[in-house]
Amino acid sequence: MALQNGYSVNTTSDDQDSDTAPLLKKEVEEITVSPKCCSVRCNLAVLMFFGFAVVYGLRVNLSVAMVAMVNYTGNESIGSKISNECPVPNNTFDNSSQSSDQPDGFPKYAWSSTTQGMLLSAFFFGYLFTQIPGGYLSGRFGGSIFLGGGVLGTAVLTLLTPLSAQLGANWLFALRFLEGFGEGVTFPAMMAMWARWAPPLERSRLMTFSGAGSSFGAFVSLPLTGFICHNLGWPAVFYFCGGAGCLWAVFWFILVSDEPRSHPRISDQEKNYIVTSIGPQGTAHGWSVPLRSMVFSVPLWAIIISQMCSNWSYYTLLTSLPIYMDTVLHFNIQQNSFLSALPYLGGWVFSVSSGVLADSILEREAMSVTAVRKIFTFIGLFLPAIFLVAVGFSGCSGALAVAFLTVSSALGGFSAAGVFINQIDIAPRYAGILLGITNTFGTVPGVVAPIVVGYLTTDKQHLVLGWNHVFWLSGAVSAFGAIFFVIFGTGKIQSWAGTDQEAETDKRR
């Protein structure tokens, strides 16, 4: 790793243009770089990876289970509007039997498409409220308790899903709201922890690998949910997912510490390397944060707008793709769940690869941080938009639709090394609260998108045209986000993000 004399990326922009400055301070050159393999920071990334796999399993299980939970034939408001515009394949079931593709004896509910959209959105209503408090408290006190507690609380609530569904749609809505409320702290806590654990030249790969657990979780849980529904009935889905979350939490609380200084099993070599390379930005922020500067920060708004646009298409597919597979393409529940999972396999592979590629570019100083973030964001938002629009022209071809959706989600994985880790570039010390802010805005599409899908498909649930509008809208929103970030985004640390130690250094200098 060739390093030149210069300042860290964790210095204020007044010191040196952080687009051209090396990412590690000069004194770090004198410290032997700690090996990555089997290091504590890599073990942390693996634990986070499986943690976010569980998180997304808890989040998406209702999307597939909904197909088995709803009695389409018994609901006149749905059944009277069924239109088999696309022919039903010979190797699948008709629509009435698809919804009962599970053992007998389990309850089904006459929920309209509007009710289904509200239930799928309920999680995100709760998810909105704890993003910023979770980021603030994680940055102040450390993120391990909040990440672990968020997953554990959501897992316990998931175990109560079958009971709440029997009590009525309002009870299920309230339960999903509470699940989102508990899970809202997880991603801000992750960002706050990496601000203290990730050396600058390893940020992209560590953060994209741990965050890629979400795509892996969606990829595994969607077909697994279909398999469990088919063989054990839909209630078993929620018992399995809730149990997995509780088991993960046990390992998390035993093995993880908030920062390298307090970890009981870290080597001195690795601890010194992490602490020295991150510098004062790896410490907790005070009770006060520069909110006024954040509100008027154009780079922060670039992250917010772009993340909202990216999440619109992501949450549309996450919550509504199984319904599209069922009602338009007529796949049975096992085919449905497997094909709905394919896009997330591509997203998982490309997001992990993008982190390695981004760090490699920065290590060679081939591009600035700003250029890397903009290029990866553009690839991860604009190119997927093209394939989302193409889905709208695939008609009744299930093969084309699945192919376009898979390519779109795979290319979307590039944004993991772009806008989705940009908070730690512009303000490492406040990364947790910044991710809380951006994720709060980014969750709005999770609330609105399923409702919009329900509205666009209410009177034509089995018409291709209604779903074409869904995919065209998602593509347009994603493309706008790509252009907005390219114009206004940056990888430079902002002046308001400096520490007191750095401010004193600036005064002396």
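Colleague: Start with Ser-474. What does Ser-474 touch, beyond residues up to four places away in sequence?

Modeller: Ser-474 touches Trp-312, Ser-313, Thr-316 and Leu-388 with those positions left out. Contact here means heavy atoms within 4.5 Å.

Colleague: Before we go on, where do the numbers come from?

Modeller: This is a predicted model: local features need pLDDT of at least 70, side-chain atom pairs count only at pLDDT 80 or more, and totals for chains, interfaces and linings use all residues. Residues are numbered from 1 along each chain as its sequence is written, and side-chain values use heavy atoms, with hydrogens and water left out.

Colleague: Fine. Which helix holds Ser-474?

Modeller: Ser-474 sits in helix α21, residues 464-488. Helices are DSSP runs of H or I with at least four residues, strands are E runs of at least two, and both are numbered from the N terminus.

Colleague: Is Ser-474 buried or exposed?

Modeller: Buried, with a relative accessible area of 1%. Buried means under 20% relative accessible area, exposed over 50%, and partly exposed in between, using a 1.4 Å probe and protein chains only.

Colleague: How far apart are the C-alpha atoms of Ser-474 and Tyr-314?

Modeller: They are separated by 8.7 Å, and the two residues are 160 residues apart along the chain.

Colleague: Zoom out. How many helices and strands are there?

Modeller: The chain has 22 helices and zero strands. Of its 509 residues, 59% are buried. Among contacts with a separation of 6 or more, 85% join residues 24 or more positions apart.

Colleague: Now helix packing. At what angle do α17 and α18 cross?

Modeller: Roughly 170°, and the axes of α17 (residues 369-391) and α18 (residues 398-412) come within 7 Å. Axes are lines fitted to C-alpha atoms, for helices over the stretch in contact, and angles run from 0 to 180 degrees between N-to-C directions. The two helices are therefore roughly antiparallel to each other. Angles over 145 degrees count as roughly antiparallel, under 35 as roughly parallel, 65 to 115 as roughly perpendicular and the rest as oblique.

Colleague: Which residues meet there?

Modeller: From α17, they include Leu-383, Phe-387 and Leu-388; from α18, Phe-404, Leu-405 and Leu-411 are among them. By class, the contact has twelve nonpolar, three polar and no charged residues. Ala, Val, Leu, Ile, Met, Phe, Trp, Tyr, Cys and Pro count as nonpolar, Asp, Glu, Lys and Arg as charged, and the others, Gly among them, as polar.

Colleague: What about α15 and α18?

Modeller: The axes of α15 (residues 298-327) and α18 come within 13 Å and cross at roughly 170°. Leu-317, Leu-321, Tyr-324 and Met-325 of α15 make the contact with Ala-401, Val-402, Leu-405 and Ser-409 of α18. That gives seven nonpolar, one polar and no charged.

Colleague: Last one: Asn-61. Where does Asn-61 lie?

Modeller: Asn-61 is in helix α1, residues 40-69. Asn-61 is buried, at a relative accessible area of 0%. A polar atom of its side chain lies 3.4 Å from the backbone oxygen of Leu-58. Beyond neighbours within four places in sequence, Asn-61 contacts Thr-158, Arg-176, Thr-225, Val-237, Phe-238 and Cys-241.

Conventions. A polar contact is a pair of N or O atoms within 3.5 Å; within protein, one must be able to donate a hydrogen and the other to accept it, and residues adjacent in sequence count only if both atoms are side-chain atoms.
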